[in-house]
Amino acid sequence: MRQLFIAAALACSFQLSAQDEPGADLDAYFPQQITAKELKLACAASALTSTGRERRRYCSGFVSGVEEGLRVLQQQVGVAGLPGLCVPPQTSSRAFRDAYTSYAGRKGVDLGRPAALVVLEALGVAFPCPGTTPAPTASGQ
């Protein structure tokens, strides 16, 4: 019983000390599963504050990660049915973020869906392969 009490006390102390660390509260802003609306808000955060810059970097990393994951699936695994992307070499994460922000701002885009799905749609519109038309989206765009 004493060991359980000590373990619980240690866990609480680690939690309290983690909250004192700079940036520890960012976990509340960057959950593991987010909606397209939440990602859009992160992408549009102010670059004038440190929290805003963190949110923008999170957005850029999220969108870049979706693009890289899709590219790996297409090249290495050969998963069929995924949108074809033809991204020019040296495309920056900022360009990915801007493509998502532009797409997410369109009228009729369902921002209640998972962010990764809307990112796939946005990248398909922004970076289609020559001779192909982007697949219709679930939101009718």
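## The loop between α3 and α4

Q90 sits in the loop between α3 and α4; helices here are DSSP runs of H or I with at least four residues, strands are E runs of at least two, and both are numbered from the N terminus. Q90 is not a glycine, yet its phi is positive, about 65°. With 78% relative accessibility, Q90 counts as exposed (exposed is over 50% relative accessible area, buried is under 20%, partly exposed is in between, with a 1.4 Å probe and protein chains only).

A word on the model: it is predicted, so local features need pLDDT of at least 70 and side-chain atom pairs pLDDT 80 or more, while totals for chains, interfaces and linings use all residues. Residues are numbered from 1 along each chain as its sequence is written, and side-chain values use heavy atoms, leaving out hydrogens and water.

## The whole chain

The protein chain has five helices and zero strands, so from the N terminus the elements simply read α-α-α-α-α. Of its 141 residues, 28% are buried.

Now for contacts, meaning heavy atoms within 4.5 Å. Among those with a separation of 6 or more, 63% join residues 24 or more positions apart.

Helix α4 covers residues 93-104, and its 12 residues should span 16 Å at 1.5 Å a residue; the end C-alpha atoms are 16 Å apart, which agrees. (The expected span is 1.5 Å times one less than the number of residues.) Its buried residues are F96, R97, A99, Y100, Y103 and A104. They take up an arc of only 160° around the axis, which means that they lie on the same side of α4; the arc is that of the directions from the helix axis to the C-beta atoms. R94 and S102, on the other side, are exposed.

Helix α2 can be read in the same terms. A36, L39, A42 and C43 are its buried residues, and their arc of only 120° around the axis puts them on the same side of α2.

## The nonpolar core

The largest nonpolar core holds 25 residues, and L39, F62, V63, Y100, V119 and L123 touch the most other members. (A core is a set of buried Ala, Val, Leu, Ile, Met, Phe, Trp, Tyr and Cys residues joined through side-chain atoms within 4.5 Å.) At least two residues each come from α2 (36-43), α3 (50-77), α4 and α5 (115-126), and α5 gives the most, six residues.

What does Y100 touch, leaving aside residues up to four places away in sequence? Its partners are A36, L39, K40, C43, V63, V118, V119 and A122. Y100 is in helix α4 and counts as buried because its relative accessibility is 0%. Y100 and K40 are 60 residues apart in sequence, but 7.8 Å apart in space, C-alpha to C-alpha.

## S64 in helix α3

S64 belongs to helix α3. Buried or exposed? S64 counts as buried because its relative accessibility is 18%. Its side chain reaches the backbone oxygen of S60 at 2.9 Å. Beyond residues up to four places away in sequence, S64 touches S93 and F96.

Terms used:
Polar contact = N/O pair within 3.5 Å; in protein donor to acceptor, adjacent residues only side chain to side chain.
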